[in-house]
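The sequence and the structure are shown first.

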Amino acid sequence: MDTALSVEAQLKAVGLKAGAVVVGIASADAFNEYVPTGHRPEDFLPGAKSVVVAGGKGPSAGAWRSPNTEVIESTGYDFRENVAVHVIADFIERELG
């Protein structure tokens with residue numbers, strides 16, 4: 001990755017390349033007002049300062065309308081952004097320590 005890019009720009013580029021539609025970074029304490037105790041970033045990773053989030057398009061219109069719920073589950077349409085999240089996490093650990 002280009003060292004001239006900021007860490008934020010690198011994380012966004014990695015996530016978008018991995019298939020995310022949007023990638024963002026927020027302060028870990030930004031969730032405290034909206035998320036109950038026990039489910040906040042600090043609860044899962046003590047000392048967390050930032051949270052990286054990625055979003056995808058979600059299911060296709062056909063998969064969403066299918067009366068068979070297995071269509072979404074078997075095609076992976078409900079988990080597209082998870083691939084990007086794992087790629088970003090791997091990048092953070094490998095490149096940023």
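How accessible is E95, in terms of relative accessibility? In this predicted model, E95 has a relative accessibility of 45% and therefore counts as partly exposed.

**Salt bridges**

E95 is joined to R94 by a salt bridge in which the closest N and O atoms lie 3.2 Å apart, and R94, with a relative accessibility of 56%, counts as exposed. A search of the whole structure finds two salt bridges, and the other pair is formed by the side chains of E8 and K12, with 3.0 Å from N to O. Both E8 and K12 belong to helix α1, where four residues, or about one turn of the helix, separate them. The accessibility of the residues in these pairs is set out below.

| Residue | Relative accessibility | Class |
|---|---|---|
| E8 | 39% | partly exposed |
| K12 | 28% | partly exposed |
| R94 | 56% | exposed |
| E95 | 45% | partly exposed |

**The largest pocket**

The largest pocket holds about 440 Å³ of space, and its lining is made up of 18 residues, with L45, S50, V51, V52 and I92 lying nearest the centre. Two or more lining residues come from each of the elements α1 (7-17), α2 (41-44), β2 (50-55) and α5 (80-96). When the lining is divided by class, 16 of its residues are nonpolar, while one is polar and one is charged. Helix α1, which contains E8 and K12, is thus named among the elements that give two or more residues to this lining.

Terms used: Residues are numbered from 1 along each chain as its sequence is written. This is a predicted model: local features need pLDDT of at least 70, side-chain atom pairs count only at pLDDT 80 or more; totals for chains, interfaces and linings use all residues. Side-chain values use heavy atoms; hydrogens and water are left out. On a 1 Å grid over the protein atoms alone, a cavity is a set of points where a 1.4 Å probe fits but cannot get out, and a pocket is an open set with protein on both sides within 12 Å along at least five of seven lines; lining residues have an atom within 4 Å of a point. Grid points are joined across faces, edges and corners, and a volume is the space filled by probe spheres set on the points. Ala, Val, Leu, Ile, Met, Phe, Trp, Tyr, Cys and Pro count as nonpolar, Asp, Glu, Lys and Arg as charged, and the others, Gly among them, as polar. A salt bridge is a side-chain nitrogen of Lys or Arg within 4 Å of a carboxyl oxygen of Asp or Glu. Buried means under 20% relative accessible area, exposed over 50%, partly exposed in between (1.4 Å probe, protein chains only).
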